[in-house]
Amino acid sequence: MPFGLKLRRTRRYNVLSKNCFVTRIRLLDSNVIECTLSVESTGQECLEAVAQRLELRETHYFGLWFLSKSQQARWVELEKPLKKHLDKFANEPLLFFGVMFYVPNVSWLQQEATRYQYYLQVKKDVLEGRLRCALEQVIRLAGLAVQADFGDYNQFDSQDFLREYVLFPMDLALEEAVLEELTQKVAQEHKAHRTIMETVCSWAFSLWAFS
């Protein structure tokens, strides 16, 4: 196997030998891993290495992208040698893992790990303003996200921790009083979703997909 995953700290290629290089991949949970590859390894091999770490089998829905030298997002051409591709087009050897193909029905996703990665992608797109939602949808999605990330409502003495948690799109300008009111609405949504931890990720995706 021409590649493996190793955790390292570096910003540029770490050339282990003339036949190997290291590149970083940012996952949907914002963690960054590093992948050691041969110079002949394809983007597909790198994607499979990431999928192995995530215990993800349905890799055909996902891809890797990078920022080009003109700061434009560009998908990796998976069949090509990755190092040559990055050397030619990328601003730096930092890759991003993400959903490349969306399905019309969440039931098409057979693996829970796949549904969880879809959940992370939708959550990220909502919070970063790429996926627009009505305020009512944002509140409901936030309640589902809190359930997915923290578990049942009754585990906490209060909901004060929500004030430190990113619940709403970053470009949504809210006055302090309005923010507090919406946070309380999210807390009520969280309370309503007790015991649905196993399915909350697919429920959140379904809310987006069919709204």
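Which residues of H3 are buried? The buried residues of H3 are Thr114, Gln117, Tyr118, Tyr119, Leu120, Gln121, Val122, Asp125, Val126 and Leu127, where buried means under 20% relative accessible area, exposed means over 50% and partly exposed lies in between, with a 1.4 Å probe and protein chains only. This is a predicted model, in which local features need pLDDT of at least 70 and side-chain atom pairs count only at pLDDT 80 or more, while totals for chains, interfaces and linings use all residues. Residues are numbered from 1 along each chain as its sequence is written, and side-chain values use heavy atoms, with hydrogens and water left out.

**Overall layout**

- The protein chain holds six helices and six strands, which are DSSP runs numbered from the N terminus (helices are H or I with at least four residues, strands are E with at least two).
- Along the sequence, the pattern of the protein chain reads β-β-β-α-β-β-α-β-α-α-α-α.
- Of the 211 residues in the protein chain, 44% are buried.
- Among the contacts in the protein chain with a separation of 6 or more, 61% come from residues 24 or more positions apart, a contact being heavy atoms within 4.5 Å.

- Gly43, Cys46, Leu47, Ala49, Val50 and Ala51 are the buried residues listed for H1.
- The 16 residues of H3 should span 22 Å at 1.5 Å a residue, and the end C-alpha atoms of H3 are 22 Å apart, which agrees.

**Positive phi angles**

- Just after H1 comes glutamate 55, with a positive phi of about 55 degrees although glutamate 55 is not a glycine.
- Glutamate 55 lies in the loop between H1 and E4 and is exposed, with a relative accessible area of 63%.
- Glutamine 71, also a residue other than glycine, has a positive phi near 65 degrees; glutamine 71 belongs to the loop between E4 and strand E5 (73-75) and is partly exposed, with a relative accessible area of 45%.

**Aromatic rings**

- The structure holds six aromatic pairs, where rings of Phe, Tyr and Trp (its six-membered ring) pair if their centres lie within 6.5 Å, and planes under 30 degrees apart count as stacked, over 60 as edge-to-face and the rest as tilted.
- The rings of tyrosine 61 and tyrosine 118 form an edge-to-face pair, because their centres are 6.1 Å apart and their planes stand at 85 degrees.
- Tyrosine 61 lies in the loop between H1 and strand E4 (62-67) and tyrosine 118 in helix H3 (residues 112-127), so this pair ties together parts that are 57 residues apart in sequence.
- Tyrosine 61 is buried at a relative accessible area of 12%, and tyrosine 118 is buried at 0%.
- The rings of tryptophan 65 and phenylalanine 96 are stacked, because their centres are 4.2 Å apart and their planes are at 15 degrees.
- This pair links distant parts of the chain, with tryptophan 65 in strand E4 and phenylalanine 96 in strand E6 (residues 94-99), 31 residues apart.
- Tryptophan 65 counts as partly exposed at 24% relative accessibility, whereas phenylalanine 96 is buried, with a relative accessible area of 15%.
- A cluster made by ring pairs links Tyr61, Phe62, Phe97, Tyr102 and Tyr118.
- The charged end of arginine 74 sits over the ring of phenylalanine 89, 3.8 Å from its centre; the criterion is NZ of Lys or CZ of Arg within 6 Å of the ring centre and within 35 degrees of the ring normal.

**The nonpolar core**

- The largest nonpolar core has 45 residues, and those with the most contacts inside it are Ile25, Leu95 and Phe97; such a core is a set of buried Ala, Val, Leu, Ile, Met, Phe, Trp, Tyr and Cys residues joined through side-chain atoms within 4.5 Å.
- Helix H4 (residues 135-150) gives the most to this core, with six residues.
- Domain 1 (20-99) and domain 2 (106-207) both give residues to this core, so the core lies between them; the domain bounds come from an automatic or database domain assignment.
- Not counting residues up to four places away in sequence, phenylalanine 97 touches residues including Ile25, Leu47, Phe62 and Gln117.

Methods
Expected span 1.5 Å × (residues − 1).
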